[in-house]
Amino acid sequence: MKKLFRALLYTGLVLGANLGHAEGLSDLRDGDLRKLVVHSAPKDLADVAFQGPEGPVSLADYRGQVVVLNFWALWCAPCREEMPTLDALNREFGGEDFAVVTLATGPNAPPAIDAFFEEIGVQDLPKYRDPNSKLARASGVLGLPVTVLLDREGQEIARLTGTADWHSDSARAIVQALIAAE
């Protein structure tokens, strides 16, 4: 019954939220997502190329989509806990309007990333790398994990430092609201 109440509450908040420039997101924060800092206005984020399995990628490739950008590393214990929730979020919402972009920051070798994902059961997240931490540094990432929410124009609208359950009711309500905000 408690879960049904929460689902109805979040659905109501999503439908009633005014999300021009992420206004209203603060009302959707609960649990781990209380740590999400929602900016009063969107902020530009550096468009620094990073490495994908097929070659260079940049955040500009995701313009038009709402993006959850997660900076992580193999040595990061909280990342191990958080990554499966990002995977579940991407499975539920990933597509034309939404993407989870996971970016291994620092010297994370592709075979080690493959093994890490297999070990923790992650199947649907991209294996992007920022080996010299260029994008992380340009984005002001000082510790890991850090997750940044980007609007469809590629601007940062919110940031969470530390781990969170990205498949919680709160996280899913926030993503639904951002997708619906067009």
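Predicted model: local features only at pLDDT ≥ 70, side-chain atom pairs only at ≥ 80, totals over all residues.
## Overall make-up

The protein has five helices and eight strands, and along the sequence these elements follow the pattern α-β-β-β-β-α-β-α-β-α-β-β-α. Of the 182 residues in the protein, 48% are buried, while the protein exposes about 8,900 Å², of which carbon and sulfur atoms supply 52%.

When contacts between residues at least 6 apart in sequence are considered, 74% of them join residues that are at least 24 apart.

## Strand β4 and its two faces

Strand β4 spans residues 66-72 and is mostly covered, with seven of its seven residues buried. In a regular strand the side chains alternate between the two faces of the sheet. In β4, Val66, Val68, Asn70 and Trp72 point one way, whereas Val67, Leu69 and Phe71 point the other way, and the residues of both sets are all buried.

## Partners of β4

Strand β4 pairs with strand β5, which covers residues 98-105, and the two run parallel, joined by seven bridges.

Phe71, one of the buried residues of β4, finds its bridge partner in β7 at Val146.

Conventions. Residues numbered from 1 in each chain as written. Heavy atoms only, no water. Buried < 20%, exposed > 50% of the residue type's maximum accessible area, 1.4 Å probe, protein only. Helix = DSSP H or I, 4+ residues; strand = E, 2+ residues; numbered from the N terminus. Pairing = 2+ DSSP bridges. Contact = heavy atoms within 4.5 Å. Areas by Shrake-Rupley, 256 points an atom, 1.4 Å probe, with all protein chains shown as cover.
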